[in-house]
Every structure is written in C-alpha cells, then in structure tokens.
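Hi,

Here's the structure I said I'd pass on. Have a look at it first, then read my notes below.

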Amino acid sequence: MQFQYRNEINGLRAISFIFVFLFHIGSSVFPGGYLGVDAFFVISGYVITQSLYEDYRKNNTINIFNFFIRRFKRIVPALSLMLFSTFAIYIIFYNLKNFKEIFYSFTSSIFAASNFIYFKFSKDYFLESLDNLYLHTWSLGVEEQFYFIYPFLLFILFKINKKLIFIAGLVF
C-alpha cells in the first residue's frame, strides 16, 4: 500500500492556521483559537507516522538518519531566515532593554528549546505582548522535540512487536 499525498491534510492545516490567526487578532474574536496549535500537533504526528511507516514498509526498517536530514532541510532554512532577520531587525530598531531575554529566546529557538526557556522563566505562551519576537517558537520547539524522540520510539516498537504498536497507538 503506497501512501499518497492527501490534499485534505492541507485543508486541516489551513483551518488550524485560521483558528490560531483569529486567536492572535484578539482572544475575544475567537477565544478557542489556540486549539489550532493542538490540531497542528496531531496533523504533524499523523504525517510523520505515515512517513516513517512507509519507510519501514519499504525497507523493513526506519532510516532515522534520513528522516532527520529531511526534517532538517524542511525546517532549518526557513527557521534560520526568520530567526536571524528578526534578530537583526530587533538590534537595529528596538529598544535593547530586553536584550538578554530576547537573546535567550533567539538562542533557545535555534536549538528547539524555547518552550523550556519560557517554562524556566515562567513566561506565558499566550502573552499578547510584542516584547518577545520569538515567543511563538515554543510550538516549533515542542514539534522538533517530538521529531527527536518519536522515530526512535517507533523504531523500537517495530522491532519488538507489530501488535504492540497497535496497542500503543490506542493508548497514545
């Protein structure tokens, strides 16, 4: 069975984006819009599982290195452009009174750990302040952490028992 590109996935992504966008316009406009982020997480989990399963089905193993290369090529160029350009804009045009916080956010975003930094400093992800240009990278950090762990977990489950995968899938 060959997995095919599914246009409805992009439709779900678009709806999720609209939810998040409306939430950020003002929570009174669409107070439940942050649930669009949860939908993104579910969609990513589905797409990544589909990709890893297809790799396993074809090769009887998961090429984790190849998976990481594909994720790197997809995420890092756009993320780097966004991070470095906004950091340059911040240094040139903004008041540098929050430089330390912005620098921590910038650096942690590079290493997919901004959600940990915001947790450490008790920053709310849903702040409506524009003081931190990188506050939104928490969700990308969560997703990238998922990418670091999930392929190994799936690889182990495939090696142990295929029925166990089904049971684990139901549990998760």
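The protein chain has 7 helices and 0 strands, where helices (H or I, at least four residues) and strands (E, at least two) are DSSP runs numbered from the N terminus. Written out from the N terminus, the elements go α-α-α-α-α-α-α. Keep in mind that this is a predicted model, so local features need pLDDT of at least 70 and side-chain atom pairs count only at pLDDT 80 or more, while totals for chains, interfaces and linings use all residues. Residues are numbered from 1 along each chain as its sequence is written, and side-chain values use heavy atoms, with hydrogens and water left out.

Of the 172 residues in the chain, 31% are buried; that means under 20% relative accessible area, with exposed being over 50% and partly exposed in between (1.4 Å probe, protein chains only).

Now for helix H2. H2 has 25 residues and spans 36 Å from first C-alpha to last, close to the 36 Å expected (1.5 Å times one less than its number of residues). Its buried residues include Ile48, Leu52 and Tyr56. After H2 comes Asn60, with a positive phi near 60°.

I'd zoom in on Leu52, which sits in H2 (residues 35–59). How buried is Leu52? Its relative accessible area is 0%. Leaving aside residues up to four places away in sequence, Leu52 touches Ile62, Phe67, Tyr150, Pro151 and Leu154; contact here means heavy atoms within 4.5 Å. The C-alpha atoms of Leu52 and Phe155 are 8.8 Å apart, although 103 residues separate them along the chain.

Cheers
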